[in-house]
Amino acid sequence: MYFYELSESDDEIFANLLLAHDAEYDDDEFLEMVLESRQAVLSNFEEDSLIEAIATDLEKRHGFVHIEASLRAAVRVSSEEGETAAIPVDERAAAVPTEEDDFRTMLVEVESEDRPYRD
């Protein structure tokens, strides 16, 4: 199994998602597939982001698998004793999100002196 990443960003937000495929593609081959999918979906996608639309198209055309949609187990890890726990994983890809369920994961760069739990 080989893994591929799509990233999308602007000045304030960075988003990425992982795809998997049983075939290995080099950078140029994967880029060409992404560019074709981008062109196909750019003017009329219904997903929340361009990378999600491209991922959906890559699934349909080339057999890629969106990793998050296949997630079966998740564990929240904490430095605090007793707070590391399994998080229920529902069928997020099939479920219609409600206002309470609607969330995104964000990667934030923090200077080491601003980290709240590091010495």
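The expected span of a helix is 1.5 Å times one less than its number of residues. Helices (H or I, at least four residues) and strands (E, at least two) are DSSP runs, numbered from the N terminus.

Good morning. The model I present is predicted, so local features need pLDDT of at least 70 and side-chain atom pairs count only at pLDDT 80 or more, while totals for chains, interfaces and linings use all residues. Residues are numbered from 1 along each chain as its sequence is written, and side-chain values use heavy atoms, with hydrogens and water left out.

I begin with helix 2. Its 13 residues, 50–62, reach 17 Å from the first C-alpha to the last, close to the 18 Å expected at 1.5 Å a residue. Several of its residues are buried, among them Leu50, Ile54 and Leu58; buried means under 20% relative accessible area, exposed over 50%, and partly exposed in between, with a 1.4 Å probe and protein chains only. Against what do the buried residues of helix 2 pack? They pack against strand 1 (2–9), strand 2 (14–21) and helix 1, where contact means heavy atoms within 4.5 Å. Just after helix 2, Gly63 takes a positive phi of about 80°.

I turn now to the aromatic rings. Rings of Phe, Tyr and Trp (its six-membered ring) pair if their centres lie within 6.5 Å; planes under 30 degrees apart count as stacked, over 60 as edge-to-face and the rest as tilted. The structure holds five such pairs.
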